[in-house]
Amino acid sequence: MPRKGKAQTKVSVKPAGPPIPVTTDKSGSVVISIHAKPGSKQNAITDLTTDAVSVAIAAPPSEGEANTELCRYLSKVLEIKKNDVVLEKGSKSREKVVKILAPLTPEDVLEKLRKESSS
């Protein structure tokens, strides 16, 4: 028997799909969760997990060099302008969020990232 005066709350749990590192934000832009590995010998997408895209960056993690190189490399992989790749979060962290301003779908981005990681 429920207590008087206490509001009962019903928690509804949405069945979440499998987490993917490429999604859209509230404004409709594509965002990518990145795990950066600065100081590598060459730029490469090393791994695609459900949490993040692991990217090796051939630039040191000082004075924003690796962030600049990450955006440049992603623009090349996604075949878009450098200005269409913006670092949204994580400028001083290895865990970053990159926003894509070009008119691409998450599926397009994921396909290009997978193609690059397998080459």
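## Reading the model

Helices (H or I, at least four residues) and strands (E, at least two) are runs assigned by DSSP and numbered from the N terminus. With these names in hand, we can walk through the chain. This is a predicted model, in which local features need pLDDT of at least 70 and side-chain atom pairs count only at pLDDT 80 or more, while totals for chains, interfaces and linings use all residues. Residues are numbered from 1 along each chain as its sequence is written, and side-chain values use heavy atoms, with hydrogens and water left out.

## The overall plan

The chain has 2 helices and 6 strands. Starting at the N terminus, their order is β-β-β-β-α-β-β-α.

The chain has 119 residues, and 34% of them count as buried; buried means under 20% relative accessible area, exposed over 50%, and partly exposed in between, with a 1.4 Å probe and protein chains only. Contact means heavy atoms within 4.5 Å. Among the contacts with a separation of 6 or more, 45% are between residues 24 or more positions apart.

Helix H2 covers residues 106–118, which makes 13 residues. From its first C-alpha to its last it reaches 18 Å, close to the 18 Å expected at 1.5 Å a residue. The expected span is 1.5 Å times one less than the number of residues in the helix.

Which residues of H2 are buried? They are Pro 106, Val 109, Leu 110 and Leu 113. These residues lie on the same side of H2 because they cover an arc of only 95° around the axis; the arc is that of the directions from the helix axis to the C-beta atoms. The buried residues of H2 pack against strand S1 (22–24), strand S2 (30–38), strand S3 (44–48), strand S4 (53–57) and H1. On the face turned away from the buried side sit the exposed residues Glu 107, Glu 111, Lys 115 and Ser 118.

## Salt bridges

A salt bridge is a side-chain nitrogen of Lys or Arg within 4 Å of a carboxyl oxygen of Asp or Glu. The structure holds 4 of them. One joins Asp 25 to Lys 99, with the closest N and O atoms 3.4 Å apart. This pair links distant parts of the chain, 74 residues apart: Asp 25 is in the loop between S1 and S2, and Lys 99 is in strand S6 (residues 95–100). Asp 25 is partly exposed at 23% relative accessibility, whereas Lys 99 is buried at 16%.

Lys 99 also forms a salt bridge with Glu 88, where the closest N and O atoms are 3.9 Å apart. Glu 88 lies in strand S5 and Lys 99 in strand S6, so this pair ties together parts 11 residues apart in sequence. Through shared partners, salt bridges join Asp 25, Glu 88 and Lys 99 into one network.

Another salt bridge pairs Glu 79 with Lys 112, the closest N and O atoms being 3.5 Å apart. Glu 79 is in the loop between H1 and S5 and Lys 112 is in helix H2, so the pair ties together parts 33 residues apart in sequence. Lys 112 is partly exposed, with a relative accessible area of 23%.

## A buried charge without a partner

Where does Asp 84 sit? Asp 84 is in the loop between helix H1 (65–78) and strand S5 (85–89). Asp 84 is buried yet has no salt bridge, and the nearest side chain of opposite charge, Lys 81, is 4.7 Å away. For charges, Lys and Arg count as positive and Asp and Glu as negative, while His and the chain ends are not counted. Leaving aside residues up to four places away in sequence, Asp 84 touches Lys 99, Ile 100, Leu 101 and Ala 102.

Most residues other than glycine have a negative phi. Glu 63 has a positive phi of about 55° although it is not a glycine. Glu 63 is found in the loop between S4 and H1 and is exposed, with a relative accessible area of 80%. The phi of Glu 79 is also positive, near 60°, and Glu 79 counts as exposed at 64% relative accessibility.
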